[in-house]
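Please examine the sequence and the structure shown below before reading on.

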Amino acid sequence: MVVLLQLPRFQPSLFLTRASPLCKTHFNFPPKFKIPIIKSTLSTASERTHSIEIPEEETHVQISLEKLFIPPETDISSDTSTLSLSSRILKGSNILLSKYARDAQIMQAEFIKSSVRTQDCPSDGLPEFALVGRSNVGKSSLLNSLVRRKRLALTSKKPGKTQCINHFRINDSWYLVDLPGYGYAAAPQELRIDWEKFTKDYFLNRPTLVSVFLLIDASIPAKKIDLEYASWLGENQIPMTLIFTKCDKRKKRKNGGRRPEEHVNDFQDLIRSFFQTAPPWIMTSSVTNQGRDEILLHMAQLRNYWLKH
Ligand code: GDP
């Protein structure tokens, strides 16, 4: 079961292939077939406002089908041409586009409220995605890049709001939720425990949460606290997408002399045992906007599927 792809010098790791605990958002696969190497061009299903070209010089790698994230109700059996299946894989990710990938663009974004408890969060039933990651991982930069506003995420950085669940309403129809950064060394111990308690309560008791987006800094080696966070989400069967940030950064000796792609690969090796099948992942950079359109398409298809079921 192998999909041959062109991705930027990236060797994806192996994941376990048992049935997913995150089965809300995962499908298993039909047996073996091969897809030839192609040059892929993608655009959002509805807007066609951009295309994603894969440069010629990029090397050939293989992604096995078990390691792809196939959104529920994605019909891959109708892909008589294996070419068309591989052209639907979002660049720099393991995610396949489905028929639900529409209305991806963000036209409007507004800060709605900061909540300290899950029960104080908006109650209008709109679907939401929660962004979480270690302090300094690039969460505010990513949020600003997604909504194309330079300072929207500053709202969550205002005094008193950094420790809150901050809701931003998008296109009047869904929410991006900014959660407190974890692992901030200077925070007093009792505050850290408190944040942990309320973010975990939010993950476990928020019925409109479609998926957690766990941000991981791809410019440095995996941190224990990130692995613990990923394992907790996996064990509690909270749907999760890994967003690798700072993928534009060049390798540095002090960071183990490894490229972001290698850190991405290492991280997935390390979390393999927490998941029965591959969680979706995307490589991003807020400097180059790499992965921005891919995240929006991924969110759109999860959201539209969620709304229908
Ligand atoms: P937060 O604490 O998670 O909200 O992180 P910020 O968004 O404030 O970013 C922390 C630091 O990382 C800042 O100095 C950003 O300029 C930098 N940064 C964020 N995203 C990227 C990225 O994609 N590439 C690079 N090279 N730097 C980034």
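A residue counts as buried when its relative accessible area is under 20%, as exposed when that value is over 50%, and as partly exposed in between, using a 1.4 Å probe and protein chains only. Of the 309 residues in this chain, 55% count as buried. The model is predicted, so to speak of local features a pLDDT of at least 70 is needed and side-chain atom pairs count only at pLDDT 80 or more, while totals for chains, interfaces and linings use all residues. Residues are numbered from 1 along each chain as its sequence is written, and side-chain values use heavy atoms, with hydrogens and water left out.

**The chain as a whole**

Helices (H or I, at least four residues) and strands (E, at least two) are DSSP runs, numbered from the N terminus. The chain has seven helices and twelve strands. A contact means heavy atoms within 4.5 Å. Among contacts between residues at least 6 apart in sequence, 81% join residues at least 24 apart.

**Strand β7**

Strand β7 spans residues 128-133, and six of its six residues are buried. Glu 128, Ala 130 and Val 132 point one way from the strand, whereas Phe 129, Leu 131 and Gly 133 point the other way. Two strands pair if DSSP finds at least two bridges between them. Four bridges join β7 to the parallel strand β9 (residues 174-178), where Leu 176 stands opposite Phe 129. Six bridges join β7 to strand β10 (residues 209-217), and these two also run parallel. In β10, Val 212 is the bridge partner of Ala 130.

**Buried residues in loops**

Arg 134 lies in the loop between β7 and α2. Why does Arg 134 count as buried? Its relative accessibility is 13%. A polar contact is a pair of N or O atoms within 3.5 Å; within protein, one must be able to donate a hydrogen and the other to accept it, and residues adjacent in sequence count only if both atoms are side-chain atoms. The side chain of Arg 134 makes such a contact with the side chain of Asp 226, at 3.3 Å. Leaving aside residues up to four places away in sequence, Arg 134 touches residues including Tyr 182, Leu 215 and Ile 225.

Pro 279 is placed in the loop between α6 (260-271) and β12 (281-283), and counts as buried because its relative accessibility is 1%. Its C-alpha atom is separated by 6.6 Å from that of Phe 69, although the two are 210 residues apart along the chain.

**The ligand**

A residue is near a molecule if one of its heavy atoms lies within 4 Å of it. The ligand is surrounded by 13 residues, and Ser 140, Ser 141, Lys 157, Asp 248 and Ser 286 are the closest. Helix α2 (residues 139-147) gives the most to this shell, with three residues. The table lists atom pairs between protein and ligand.

| Protein N or O atom | Ligand atom | Distance |
|---|---|---|
| Lys 139, backbone | oxygen | 2.8 Å |
| Asp 248, side chain | nitrogen | 2.7 Å |
| Ser 286, backbone | oxygen | 2.7 Å |

The protein covers 71% of the 580 Å² of accessible area that the ligand has on its own.

Conventions:
Areas by Shrake-Rupley, 256 points an atom, 1.4 Å probe, with all protein chains shown as cover.
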